[in-house]
Amino acid sequence: MKSLNARFQKEFPVDQEFPHPRGFQLARKLQSHLGADEWVIDEIETWRDSGWSLTSQAKRREIRISFSSTEQYEWILQISPQDSHGLIGSLFGAKQGATDENILQIGVLCDKVLKADFDLKEILWCWDAFPEPKNATREPQRPQD
């Protein structure tokens, strides 16, 4: 199962409604922008009490977007498919796992939100690894086979 990962630095202010963990402003913006596209965000949840998680659906596909602070102002964001249920599950109406193309589409939307709404310029993106300058790109790219 592939995941698209981003790393960036940002000091998010404390949210009045949800002060802990920080970063709820990003969750709200992602919910708003993805909802304007074909992806629908079911709900925003805290993720392991250190970040936020959103589940997005479109065309019977599900994707999870999770992000958390790794250090004081450093963040990691991961976009991955929800559990794939296989042939038997799909016969009984389970949603299909998301494709790499679906994940990339969400990655491009997240990149736009981070750059436009939060004025971030230094975002590192990579597939299936922790983004480092040697293995990452400045924008989401298709995975290498």
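Reader: Which residue forms a salt bridge with Arg 7, and how far apart are the closest N and O atoms?

Author: Side chains of opposite charge can pair when their charged atoms come close. Here Arg 7 pairs with Glu 74, the closest N and O atoms being 3.1 Å apart, where a salt bridge means a side-chain nitrogen of Lys or Arg within 4 Å of a carboxyl oxygen of Asp or Glu. Arg 7 lies in strand β1 and Glu 74 in strand β5, so the pair ties together parts that are 67 residues apart in sequence; helices (H or I, at least four residues) and strands (E, at least two) are DSSP runs, numbered from the N terminus. Buried means under 20% relative accessible area, exposed over 50%, and partly exposed in between, with a 1.4 Å probe and protein chains only.

This is a predicted model, in which local features need pLDDT of at least 70 and side-chain atom pairs count only at pLDDT 80 or more, while totals for chains, interfaces and linings use all residues. Residues are numbered from 1 along each chain as its sequence is written, and side-chain values use heavy atoms, with hydrogens and water left out.

Reader: Where do Lys 115 and Asp 111 lie, and by how much are they separated?

Author: Lys 115 and Asp 111 are four residues apart in helix α3, a separation of about one helical turn, and they form a salt bridge whose closest N and O atoms are 3.0 Å apart. Lys 115 is partly exposed, with a relative accessible area of 25%, whereas Asp 111 is buried at 6%.

Reader: How should I read strand β7: which residues point one way and which the other?

Author: In a regular strand the side chains alternate between the two faces of the sheet. In β7 (residues 124-127), Leu 124 and Cys 126 point one way and Trp 125 and Trp 127 the other, and all are buried. Strand β7 runs antiparallel to β1 (residues 4-9), joined to it by four bridges, with Leu 4 opposite Trp 127; two strands count as paired if DSSP finds at least two bridges between them.

Reader: How many residues does the largest nonpolar core have?

Author: In soluble globular proteins, nonpolar side chains tend to be buried together. The largest core here has 34 residues, and those with the most contacts inside it include Leu 26 and Ile 65; a nonpolar core is a set of buried Ala, Val, Leu, Ile, Met, Phe, Trp, Tyr and Cys residues joined through side-chain atoms within 4.5 Å. Its largest share, seven residues, comes from α3.
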